[in-house]
Amino acid sequence: SAAEKGGWDSFMDKEIHEDPAAVSNTLLGRYDESGDLDLDEVHIDEDVFRQIDKIIVVACGTASYTGLVAKYAIEHWVRIPVEVELAHEFRYRDPILTPRTLVVAISQSGETMDTLMALRHAREQGSRVLAICNTQGSTIPRESDAVLYTHAGPEVAVASTKAFLAQIVAAYLLGLYLAQVKGTMYRDEIHQTIDNLKDMPAKIQKVLDSQADVINQTAQRMSKARSFLFLGRHVGYPVALEGALKLKEIAYIFTEGFAAGELKHGPIALVEPGEPVVVIVPSARGRNVLHDKVISAIEEVKARGAFTIVVAEEGDPDADRYADVVFWRPPCPTLLSPLVDVVPLQLFALDMARLKGLDVDKPRNLAKSVTVE
Ligand code: AGP
């Protein structure tokens, strides 16, 4: 009903605007006054965590992109390998699991059958399973050894938005906690990262407030486009995949997201005059080598006539050189940037779907939770 949507004309619109709250509520109560991580709620012994030598994330769709973000952050912070696997592939390939493997099952609904089957398999093989889940008391957390809840609040729209941000925060918390118990980061660094995370809701809010108009104008210009390519590197790669999935599922536009480095290995053949290409640009600060590589990817597609839509950090001196449009986001540490970079892509998909007159909350052929294998 209109009342449930709280004044917004769709749940998706409402839920995107709850992105900042999803982040702050998921952080709440997970660290103490000094800034140390406090995850007692997880009920896994610190000693057990200390022994973990590998993480395998199992998930589907958007939740699997959270897993990719987690891989970049946790491998950097904790120095243990993190594999990310689509739950339906994992289950049927005889994965290598030991008691020292932590399987992390990520699911908004907690009812996705593919993810449930994967976690059952992992537990049968003797691994511990930690669920990251947004739905209290759902099947996946009930069948897991432990759970770290995301506090995004109920998500109604089929396209996942605020739950994605909350999952990313939960994955960071898990990574920082592991770094704390294993001693792979200085306490100061952990506290600084928590402080940086606390700043993210205001930055997300700024994207929502300041970029809505340019995003809407861009959607109007692009309303007839038949396909989109999305490119990113490092943590921008899962953001590209998520931006592509959003546009595909609610606006029914053919999209492909890929790692920008792959461009020359095939996808650049698709670029012809007018082809829209969305590029996530990493921060230019700290002489980030990836920044320049992504800028030259924009140059490459621009030279072939692409219409380039760029997501970049405020103050980036190179972002608009080859861009037709820029969606700006506030500066933040690279590993945390998916929390701001994905927001304009959520709004863009919403605007594109609306302009096509589609039911954004209930796209055709899709269910909110996929409870069959
Ligand atoms: C996201 O927009 C999709 N509707 C879908 O990919 C979803 O993320 C996937 O089905 C997993 O759902 P879950 O998080 O409830 O397990």
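A residue is buried if 20 or more other C-beta atoms lie within 10 Å of its own, exposed if 12 or fewer, and partly exposed in between, with C-beta atoms placed from the backbone. By that count His43, with 9 C-beta neighbours inside 10 Å, is exposed. The model is predicted: local features need pLDDT of at least 70, side-chain atom pairs count only at pLDDT 80 or more, and totals for chains, interfaces and linings use all residues. Residue numbers start from 1 along each chain as its sequence is written. Helices (H or I, at least four residues) and strands (E, at least two) are DSSP runs, numbered from the N terminus.

**Ligand shell**

- The ligand is surrounded by 15 residues, and the closest are Gly61, Thr62, Ser107, Ser109 and Thr112; a residue is near a molecule if its C-beta atom, placed from the backbone, lies within 6 Å of it.
- Helix 4 (residues 61-78) gives the most to this shell, with 3 residues.
- The shell holds 5 nonpolar, 9 polar and 1 charged residues, where Ala, Val, Leu, Ile, Met, Phe, Trp, Tyr, Cys and Pro count as nonpolar, Asp, Glu, Lys and Arg as charged, and the others, Gly among them, as polar.

**Helix 4 with helix 10**

- The axes of helix 4 and helix 10 come within 9 Å and cross at roughly 170°; axes are lines fitted to C-alpha atoms, for helices over the stretch in contact, and angles run from 0 to 180 degrees between N-to-C directions.
- Helix 4 contributes Gly61, Thr62, Tyr65, Leu68 and Val69 to the contact, and helix 10 contributes Tyr237, Pro238, Leu241, Glu242 and Leu245; two residues are in contact if their C-beta atoms, placed from the backbone, lie within 7 Å.
- The residues of this contact divide into 7 nonpolar, 2 polar and 1 charged.

**Helix 10 with helix 12**

- Helix 10 (residues 236-251) and helix 12 (residues 338-355) have axes that come within 9 Å and cross at roughly 15°, so helix 10 and helix 12 are roughly parallel.
- Residues on the helix 10 side of the contact include Gly236, Val239 and Ile250, and those on the helix 12 side include Pro338, Leu345 and Ala353.
- By type, the residues of the contact between helix 10 and helix 12 are 11 nonpolar, 3 polar and 3 charged.

**Two buried helix residues**

- Ile16 lies in helix 1 (residues 11-16) and is buried, with 24 other C-beta atoms within 10 Å.
- Beyond its neighbours within four places in sequence, Ile16 is in contact with Thr161, Lys162, Gln346, Leu347 and Leu350; Leu347 is 331 residues away from Ile16 in sequence but 7.4 Å away in space, C-alpha to C-alpha.
- Tyr172, in helix 8 (residues 162-182), is buried, with 27 other C-beta atoms within 10 Å.
- Outside four places in sequence, Tyr172 is in contact with Ala73 and Leu197.
- The C-alpha atoms of Tyr172 and Leu355 are separated by 35 Å, and the two residues are 183 residues apart along the chain.

**Positive phi**

- Most residues other than glycine have a negative phi.
- His43, not a glycine, has a positive phi of about 55° and sits in the loop between helix 2 (19-27) and helix 3 (46-51).
- His234, not a glycine, has a positive phi of about 55° and is found in the loop between strand 6 (227-232) and helix 10.
- His234 is buried, with 21 other C-beta atoms within 10 Å, whereas His43 is exposed.

Methods:
Angles under 35 degrees count as roughly parallel, over 145 as roughly antiparallel, 65 to 115 as roughly perpendicular and the rest as oblique.
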